Structures are given as C-alpha cells and as structure tokens.
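Please look through the structure shown here before reading the points below.

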Amino acid sequence: MKKLNKKFLKWSCLFCIVLTLFIPSDFASDNDWWGTYHFGFPLEYITIYQHNPYSSWLLSNIFNGNKGMHINLGGLLLNMLIIVLVLQVLLKRLVQKDQNKFEGSFSNETNQTINR
C-alpha cells in the first residue's frame, strides 16, 4: 500500500476549508423555533444551530447569532481523503498524457532520422 503524499494531504485540507468558506448553506428547520445550517463539501462536517435564520455564509454564522456548533472530524477527514484520491487520479492522467505526447514526438523524430 502506498503512503499518502503529505503535499496532497496539505492541499486537500486547504481545499476543504476554502470550499466550506465559499459554498453557502440553506437554513433547515423541523419546527418554528430551531434550525440548522450544514457546511462542507462533498460531505457535511460543520453544523451551526440557530433560532432565526441569519446568513447562508459560514463566517457570518460563526460570529453572529449562533446558538451552538458541531464539527464532525470524521466528515472532514473523509472529505480530505476524497479530495486526495481525486487529485491523485487527475495528476496520474495528466502525467500519462504528457508521457504519451513526449513518446509520440520522440518516436516521430527517431523515425525521421532513420529515414534520412
């Protein structure tokens, strides 16, 4: 089993936090006096409890009018793992495309030199 690249892990952690800051949430309420905001992508890992809807953005809800907050570290770790896996797959495909281009141009050059 391969070790996780620390650089991928750092970038995925930063990416999770930035996505949480820039993706708004909707106010969900089961009754008239209590509601929640859920933040996190692709899995929710921050829940903010409020009596009245204030804002759909994370920072404004953290500092204004919340009645409680729950951070699910398992959800954050799963988000980081998902992003690391997606980054590894994307980078693997990009490297393969670059290698194919390089091998193709190299083989064309060698064929031209041999034909001369």
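A disulfide is a pair of cysteine sulfur atoms within 2.5 Å. By this rule, the structure has 0 disulfides. The model is predicted, so local features need pLDDT of at least 70 and side-chain atom pairs count only at pLDDT 80 or more, while totals for chains, interfaces and linings use all residues. Residues are numbered from 1 along each chain as its sequence is written, and side-chain values use heavy atoms, with hydrogens and water left out.

**Cysteines**

- Cys13 takes part in no disulfide, and the nearest cysteine sulfur, that of Cys16, is 6.8 Å away.
- Cys16 is likewise in no disulfide, its nearest cysteine sulfur being that of Cys13.
- Cys13 is partly exposed at 27%, whereas Cys16 is buried at 0%.

**Aromatic rings**

- A pair of aromatic rings is described by the distance of the centres and the angle of the planes.
- Rings of Phe, Tyr and Trp (its six-membered ring) pair if their centres lie within 6.5 Å; planes under 30 degrees apart count as stacked, over 60 as edge-to-face and the rest as tilted.
- The count by this rule is 3 aromatic pairs.
- One of them joins Tyr37 and Phe39, with 6.3 Å centre to centre and 25° between the planes, and is stacked.
- Tyr37 is buried, with 3% relative accessibility, and Phe39 is buried at 1%.
- Phe27, Tyr37 and Phe39 are linked into a cluster by ring pairs.

Note on methods
Buried means under 20% relative accessible area, exposed over 50%, partly exposed in between (1.4 Å probe, protein chains only).
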